[in-house]
Amino acid sequence: MGANGTAGTGRPAALRAAGRTGRVVAGAAGLAIRALTELTRTPPDGPSRARRTADGLAAPPPPPAPYSVKTTAVVRLTAARLGEAALGLATVTTRRALDVAAAAAMPVEAAATIVVRTGTSIASRNGAAGRIDRLARIGREEQRRNEREAALLLRSAWRRSIGRAVAATDVDAVLDEVDLDAVVRRVDLDAVVVRLDIPALVERVLDDIDLGRIVRESSAGMAAETVDAVRVRSAGADRAINGFVDRVVLRRPPRDAVPAAEPGRAPP
Amino acid sequence: MTAAGLVSRCAASVVDVGVVAAATTLAGVVVSGIRYTVDGPPFTFPPLPGWAFGAGHTLLVVLYLTAGWTLTGRTPGQLVLGLRVITADGRPPGPLRALVRALVCVVFPIGVLWVLVSSRTLAVHDLVARTVLVYDPPPW
């Protein structure tokens, strides 16, 4: 299967997207049709108030539905059944097509890979790759310049429009009308503080920082380095004392003639 | 693997002495705290005769060394210094061998000086228990 296939469907992403789009379109069409039929259906009976006579007594049961109503229902049912059958046919066809496409995707992908690899190796062999790189660099720089120009243009246009809007507004008049002090007085700062829930916020920030891990790691690293240094130093002192005793005091060949493995951790 | 020399052995012993002293102090503080809670002030360490203190400490040290060498092949001090006690087959000593080594260590501590003249850098307790103390830092 394709590289994008997942365990559930095993189809490439493009095919899956196409299938999902078709599903959504069909579903939307079905919903629209259902809504239309619901709208056009005649209500089965009037409200219960109409089922009483003028005297307030219970009305006799309504007369049997005329033949045409039954025909309409039969026609509607048949049409719905036929529509569903058509949808089923389309579904089966789509599935088959998707399966075929998924089966075809693998060789196509393989062929594309081979073509791309071959092209790359050929290009790198005869120097075309360098030329392509040069061209790509030129194109990239050109594109950067274009983007910069566009961004500048957009920004200046935005600034100009804002400036025009601000110039058209009489800000002072608006400020005169608005009593800012009253607005500020109406703001319940305590409620804002309560709603912010600062302890929870601080807790979350501290959780994100994970101070404990930092302290743990750094102290563990320092401790490991210290212990390593102690081991290396003490082993060196051992060797020195042994060598001194062997050479100076006992005047014999040193016992650690064969160099031992360096104690302590492996060198970085 | 080389046998460890005098400095490493003494440094490991210093660490071990610190560990045992800390354990003794902690036990004393706990016992005194219990006594203080039950009997009231003053807060004093339990009045232990000197011989009982010495004998208890000796027993504690022997147990400590035997347990360390039997279970992992090293005491905490030897762990810090990256040393390990092994027998001829390269494994940690058994309980009996570790007990013999610990007893010789405690009774005749000066025997560690034999590492200076021993051609294989062995101490007296190594010779008696037929063990070797090698440089073998733990992998972590």
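Reader: Let me start with one residue: in which helix is Asp238(A) found?

Author: Asp238(A) sits in helix H8 of chain A, which covers residues 211–249. Before we go on, please keep in mind that this is a predicted model.

Reader: Is Asp238(A) buried or exposed?

Author: The idea is to count how many other C-beta atoms lie within 10 Å of a residue's own; 20 or more makes it buried. Asp238(A) has 25 C-beta neighbours inside 10 Å, so it counts as buried.

Reader: Which residues does Asp238(A) touch, leaving aside those up to four places away in sequence?

Author: They are Ala4(B), Gly5(B), Leu6(B), Val7(B) and Ser8(B). That brings us to the interface between the chains.

Reader: How many residues of chain B are in contact with chain A?

Author: In chain B, 17 residues take part, and they meet 19 residues of chain A. Two elements of chain B each give two or more residues to its side of the contact: helix H1 (6–39) and helix H3 (76–81). H1(B) supplies the largest share, with four residues.

Reader: How do the residues on that side of chain B divide into nonpolar, polar and charged?

Author: On the side of chain B that touches chain A, eleven are nonpolar, six are polar and none is charged.

Reader: What is chain A built from?

Author: Chain A has eight helices and zero strands. Of its 268 residues, 3% are buried. Among its contacts with a separation of 6 or more, 53% are between residues 24 or more positions apart.

Reader: How many residues of helix H6 of chain A are buried?

Author: H6(A) spans residues 189–196, and the number buried among its eight residues is zero, so this helix lies largely in the open. Just after H6(A) comes Asp197(A), with a positive phi of about 55°.

Reader: And what span should helix H7 of chain A have?

Author: Here the rule is 1.5 Å times one less than the number of residues. H7(A) has twelve residues, 198–209, and should therefore span 16 Å; its end C-alpha atoms are 16 Å apart, which agrees. H7(A) is hardly covered, with a buried count of zero. The residue that follows H7(A), Asp210(A), has a positive phi, near 55°.

Reader: Now chain B: how many helices and strands does it have?

Author: Chain B comes to five helices and two strands. Read from the N terminus, the order is α-α-α-β-α-α-β. Of the 140 residues of chain B, 31% count as buried. Among its contacts between residues at least 6 apart in sequence, 64% join residues at least 24 apart.

Reader: How do strands S1 and S2 of chain B run?

Author: S1(B), residues 83–86, and S2(B) run antiparallel and are joined by four bridges. One pairing to look for is Leu83(B) with its bridge partner in S2(B), Tyr135(B).

Reader: Which way do the residues of strand S2 of chain B point?

Author: In a regular strand, side chains alternate between the two faces of the sheet. In S2(B), residues 132–135, Val132(B) and Val134(B) point one way while Leu133(B) and Tyr135(B) point the other, and all are buried.

Reader: Which residues of the largest nonpolar core touch the most other members?

Author: That core holds 22 residues, and Ala4(B), Leu83(B), Leu133(B) and Val134(B) touch the most other members. The elements giving two or more residues to this core are H1, helix H2 (50–71), H3, S1, helix H4 (95–107) and S2 of chain B.

Reader: Where does UniProt place the feature "transmembrane region" in chain B?

Author: The UniProt record, an unreviewed entry, places it at residues 51–71 and 98–117 of chain B. In the model, residues 51–71 are 100% helix and 0% strand, with end C-alpha atoms 30 Å apart. Residues 98–117 are 50% helix and 0% strand, and their end C-alpha atoms lie 24 Å apart.

Reader: Where is Thr121(B) found?

Author: Look in the loop between H4 and helix H5 (124–129) of chain B. Thr121(B) is not a glycine, yet its phi is positive, about 55°. With 23 C-beta neighbours inside 10 Å, Thr121(B) counts as buried.

Reader: Is Arg130(B) buried or partly exposed?

Author: Arg130(B) has 13 C-beta neighbours inside 10 Å and so counts as partly exposed. Its place is in the loop between H5 and S2 of chain B, and its phi is positive too, near 55°.

Note on methods:
Residues numbered from 1 in each chain as written. Chains lettered and ligands numbered in written order. Predicted model: local features only at pLDDT ≥ 70, side-chain atom pairs only at ≥ 80, totals over all residues. Contact = placed C-beta atoms within 7 Å. Nonpolar A, V, L, I, M, F, W, Y, C, P; charged D, E, K, R; others polar. Buried ≥ 20, exposed ≤ 12 C-beta atoms within 10 Å, placed from the backbone. Pairing = 2+ DSSP bridges. UniProt positions renumbered as here; feature names shortened; annotations may be inferred. Core = buried A, V, L, I, M, F, W, Y, C linked by C-beta atoms within 7 Å.
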